[in-house]
Amino acid sequence: MSSAWLNDLSAWLSLHPGWLATALFSTAFIESLAIAGIIVPGVAILFAVAVLAGETGMPLAEALLWAGLGAIAGDTASFGLGRLLQGRLTTAWPLSRYPKIIGTGERFFKRHGGKSVIIGRFVGPVRPIIPLVAGALMMSWRRFLAFNIGSAVAWAPVYIFPGFLVGSALASDIRPPAHFYAVIGISLAALTVVYFVLLRFQLGLGEDSRFYRWLKQWMAQYEATNRFWRLYTNQRPAREGEFPLASFMLALGASALLLIWGQLATATSLLDGFDQATLLWFEQLRQPLLDGPFIAITLLGDAPVLMTAGVLACAALLFRGYYAAAIHVLAAIAVTVVLVWGLKAMLGVPRPDEVMGPPNSGAFPSGHTAGITLLVTLLASFVAGESRHRRRWQYYVLLSLPLVPVALSRLYLGVHWFTDVIGGLLLALAVTGAVRASYSRYDKVPLAPDITIVGAAVVWLILTGAYILLSWDQAVLNFRPVAGT
């Protein structure tokens, strides 16, 4: 498809904005459809249509909805086609023209199983092939739809939001603060370094690591430590003998860092200058265009939203008989709420006065950051726990990404200091590590996703959308910038 054709399409849609929803759905559908997604440059078209959606003022939620529905429909059609053509994928036209791609998709699916539907959604060469292969290899409809719908929820923002943001920026007059690109570049580089350092450290605590073997031998020399080691060693047949060393180290390390960071942030003035500089930088970044998305993002970290996610997760686990997992999730929520509330009340750190109606509670630690971190890291730990040790970091990285925008929204809206955000992050990591270490004693059977989990996720999305709509007017009033800023 030539660039001239794409330019003509963009020009036509700019003159007929009423067709943008159809264009988003159709492009996402074709981009996800077997073989067609390889031929048609769906990513480029999606970006162009998303730019137009942002320029014309289409609500972001509407753009995400139509793109997500199109992706779900495309993958579902491909899966159904695979069911019809089982055993004939390399002989039926036009699939017979792409034997290498079909072979790659089959190997990918056999290697990753049902998770390939999620992974393949974001991997270019196999994206439109995996649903087809899954259908041909007789994956169950219920399991496929669970992975299909769940991955589409994450796929739509990744592919739509960048173009939508560009379009919205073109329609407005954004003036970034001083050193904007330098700060963003350094921050991303630092975040990447931290991720790799932490992941490398975590990978070095597996059963095949030197430190793990040394510690196991040392603890075996004493009755008390040997009993402790055996008590927390996993008894599930597939993971028999695995001690949750990484979880214990996460709990201990995050707790120690929280104590040190808390002292520096609340008992000294060493970090005050950095807090003030960060607040000023985000204050200069405030733009009407960005206020809406960041308010919506910060509402995702509100207590009702996170509590609803926790309650639905526990209900789904209890319904399927995973009682120990449900109890540990409830315990994690309760401990986090008590710790956040207690520290806020005890320390009484004042919030930045940058909004019209800031909350009356203390600032340190950030409850939003702690809540979203606990939610995504617990989810990542349960998902990663069902995979081999060397691949677990992939799930931790992917599933922990949502905590970044929520944490940034607290800084952008001026309701937290930088030190508050880090404090909330460390507190939640400590709780996650402790809960996962405790759960290893009761981890008897694998946790497999099914329609119950999908149903809970759908209910949560509906309730979250309703909460954002009901809270929007008051949130806009509360987070309106102070005059003169």
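Helices here are DSSP runs of type H or I with at least four residues, strands are runs of type E with at least two, and both are numbered from the N terminus. Welcome to a predicted model, in which local features need pLDDT of at least 70 and side-chain atom pairs count only at pLDDT 80 or more, while totals for chains, interfaces and linings use all residues. Residues are numbered from 1 along each chain as its sequence is written, and side-chain values use heavy atoms, with hydrogens and water left out.

**The whole chain**

- The protein chain has 22 helices and zero strands.
- Of its 485 residues, 44% count as buried; buried means under 20% relative accessible area, exposed means over 50%, and partly exposed lies in between (1.4 Å probe, protein chains only).
- The accessible surface of the protein chain is about 24,200 Å², and 70% of that belongs to carbon and sulfur atoms. Such areas come from the Shrake-Rupley method with a 1.4 Å probe, and for residues only the protein chains shown count as cover.
- Take the contacts (heavy atoms within 4.5 Å) between residues at least 6 apart in sequence: 80% of them join residues at least 24 apart.

- Helix H5 (residues 60-84) has 25 residues and reaches 36 Å from its first C-alpha to its last, close to the 36 Å expected. The expected span is 1.5 Å times one less than the number of residues.
- Buried residues of H5 include Ala63, Ala67, Gly68, Gly70 and Phe79.
- Thr22 lies in helix H2 (residues 20-32) and is partly exposed, with a relative accessible area of 39%.
- Helix H13 (residues 245-266) has 22 residues that should span 32 Å, and its end C-alpha atoms are 31 Å apart, which agrees. Among its buried residues are Leu245, Phe248, Leu258 and Trp261.

- Ser409, Arg410 and Tyr412 are among the buried ones.
- Asp291 sits in helix H15 (residues 288-299) and counts as buried because its relative accessibility is 14%.
- The side chains of Asp291 and Tyr412 make a polar contact at 2.7 Å. A polar contact is a pair of N or O atoms within 3.5 Å; within protein, one must be able to donate a hydrogen and the other to accept it, and residues adjacent in sequence count only if both atoms are side-chain atoms.
- Asp291 and Ser409 are 118 residues apart in sequence, yet 9.3 Å apart in space, C-alpha to C-alpha.
- After H20 comes Gly414, whose phi is positive, near 75°.

**Back to Thr278**

- Thr278 is buried, with a relative accessible area of 12%.
- A polar atom of the Thr278 side chain lies 2.8 Å from the backbone oxygen of Phe274.

**A surface patch and a cis bond**

- Phe211, Trp214, Trp218 and Tyr222 form a nonpolar patch on the surface, with about 440 Å² of accessible area together. Patches are made of residues with over 30% relative accessible area and no salt bridge, joining like charges within 9 Å and nonpolar side chains (Val, Leu, Ile, Met, Phe, Trp, Tyr) within 5 Å. A salt bridge is a side-chain nitrogen of Lys or Arg within 4 Å of a carboxyl oxygen of Asp or Glu.
- Tyr222 belongs to the loop between helix H11 (210-219) and helix H12 (223-232), and its 43% relative accessibility makes Tyr222 partly exposed.
- Phe364 and Pro365 are joined by a cis peptide bond, with omega about -5°. Pro365 lies in the loop between helix H17 (323-347) and helix H18 (367-384).
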